[in-house]
Amino acid sequence: MKLLAVLVLLGAAAVDAQSWWPWWSWFSTPAIDDSTPGATWDGLRVTFGINPFEKNFDRLPRTKEMAEHEGWTLFGPNRCTGLRSACSSGYQIHNGICYKAFNTTKNFYDASSTCVADGGTLAMPKDTDTNAFLINLKNAVDNSSSFRFGLTDLNQEGDWIWEDNVTLSSFRPWGPGEPNNVRDEDCAEFFSGSHSSDANAWNDGSCTNNDTKFICQATPSAGTWRGFRYVKDNDPAVTLLFDKNGFIAGLQMGVRKSELPSDGSIPPQQVTPPWIEDKDMWLLTAYFIQPSDICSDGRTEAEYQDEGTGTDLYIQTGPNPTSDIMTIPLQQSDLEGTEWTEGKCFWGIGKHYWWNLRVDMDCKEFYPVFIMYNGGKLDAFGWNIGTYLDSPRYEHPAASFGMFMDPVPTCLADHSGSLSTMHVYLTNGYPPFFNHC
Ligand SMILES: [Ca+2]
Ligand SMILES: [Ca+2]
Ligand SMILES: [Ca+2]
């Protein structure tokens, strides 16, 4: 009984202390605890300076509450999915589908391949509204050329089938006398906008002639990333991604196109993939939990306490954050036989691995992601960008590449001090002196 009484008293005292809190908070902002001491990945830190022995390790908040408390602000729309109707460059959206009229001529088969390469098919004007949109689209590109679309009677003469294998319905605005199958015409096209009698009507034309332009369609990408984005001081070099419940889910680095050197020093080969274009920016994105969970379920407080920073490391390699994903092995031993090239152990930083490193490689092909292991376990990764970026978050390593790489690509001789790198640690060591590889 005595023990129970003590517990009740302690409980009352705790409640009493709670009631004092608002008063106390006038004088001191209450600390927010985002620690997860029991987890494998118990922290999140970035370096901003190449020397690991300087105090240049920046601890990053791992809950949205903590981030807001520390002055991080929402970057872009207040949405988890980053969802937007994103069409590839040159495509225009209409009723949820992206279209592009190509100003080049191709036969049906090459035109079809071009559309497939863009992730779509030849366009399918199945209704009046879409048909009218495509007529405007093609005439804005070239009013005096015919344009292919995705409708053929190649399999059975007179049976017109759309590219998605759907049979042609009653909407079929053929020109007068068409389709006439002159010399076996099996591929549909728009007559040109300047055609004397049948402007913009449908014609069955030759599949093999190379003088016809074409229109592709594609589905917009479902989203460019997952998570609520937060930055500090409006600097996207370190962008935090939080799940729908406010727990850390990933980290992104963004480069505003306006900040790139005008000579285009981020070469195209480095730009795609895993760079993702997002309007005025290029993005590199890493996730610490399964990307498809970030906006659907998120993590619970208990899961966050148990798992810490996350369960896995995923690098986004294309516009679709749930399918365009590279999973990084958690164990160093699982890197054997992969394209990851073993680099050097830098004491205090970790054992580096680089993607497909060769002595004679072109630095334009340098993969902008590297990974690091300590004690055989993945505990850090980094970005490596082939140009000088201005944010104070970046390091600009001088010619000491041999301390990190093996082999050192010959092309790097020109890059002393002109790379921009960032090391991201998933653990809380401060500083990570004890990373002995
Ligand atoms: Ca035929
Ligand atoms: Ca035919
Ligand atoms: Ca014809």
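Reader: What makes β1 and β23 a pair?

Author: A pair needs at least two bridges between the strands. Strand β1 (residues 45–47) and β23 are joined by two bridges, in the antiparallel sense, so they count as paired. One spot to look at is Arg-45, which stands opposite Tyr-425 in β23. Bear in mind as you look that this is a predicted model.

Reader: Which sheet do they belong to?

Author: An open one of seven strands, ordered β2-β1-β23-β22-β21-β20-β19, with antiparallel pairing.

Reader: Why are β2 and β19 called edge strands?

Author: Because β2 (57–59) and β19 (340–346) each pair on one side only. From one strand to the next, the twist averages 25°.

Reader: Next, Cys-80. How do you know whether Cys-80 is buried or exposed?

Author: Count the neighbours. Cys-80 has 22 other C-beta atoms within 10 Å, and the cut-off for buried is 20 or more, so Cys-80 is buried. Cys-80 sits in the loop between β3 (73–74) and β4 (92–94).

Reader: What is Cys-80 in contact with, beyond four places in sequence?

Author: Arg-226, Gly-227, Phe-228, Lys-244, Ile-294 and Cys-295. As for Cys-295, its C-alpha atom is 5.7 Å from that of Cys-80, though the two are 215 residues apart along the chain.

Reader: And Asn-181 and Asp-233: what makes them exposed?

Author: The cut-off for exposed is 12 or fewer C-beta neighbours. Asn-181 has 12 inside 10 Å, so Asn-181 is called exposed. Asp-233 also has 12 other C-beta atoms within 10 Å, and therefore gets the exposed label.

Reader: What is phi for Asn-181 and for Asp-233?

Author: For Asn-181, phi is near 55°, a positive value in a residue other than glycine. Asp-233 also has phi near 55°. You'll find Asn-181 in the loop between β8 and β9, and Asp-233 in the loop between β12 (228–232) and β13 (235–242).

Reader: Which residues touch the most other members of the largest nonpolar core?

Author: Leu-240, Phe-242 and Ala-249, out of 58 residues in that core. Strand β16 (residues 281–287) gives the most to this core, with six residues. Apart from it lies another core, of 27 residues, including Cys-115 and Cys-216.

Reader: What does Phe-242 contact beyond four places in sequence?

Author: Phe-242 contacts Lys-64, Gly-227, Phe-228, Tyr-230, Phe-247, Ile-248 and Ala-249.

Reader: How much of the protein chain is buried?

Author: Buried residues make up 37% of the 437 residues. The chain has seven helices and 23 strands.

Reader: Last one: how confident is the predictor, and where does pLDDT stay under 50?

Author: The chain averages a pLDDT of 87, and 86% of the residues score at least 70. Over residues 1–26 pLDDT stays under 50, and there the model has one contact beyond four places in sequence.

Key. Residues numbered from 1 in each chain as written. Chains lettered and ligands numbered in written order. Predicted model: local features only at pLDDT ≥ 70, side-chain atom pairs only at ≥ 80, totals over all residues. Helix = DSSP H or I, 4+ residues; strand = E, 2+ residues; numbered from the N terminus. Contact = placed C-beta atoms within 7 Å. pLDDT = per-residue confidence, 0-100. Core = buried A, V, L, I, M, F, W, Y, C linked by C-beta atoms within 7 Å. Axes fitted to C-alpha atoms, helices over the stretch in contact; angles between N-to-C directions.
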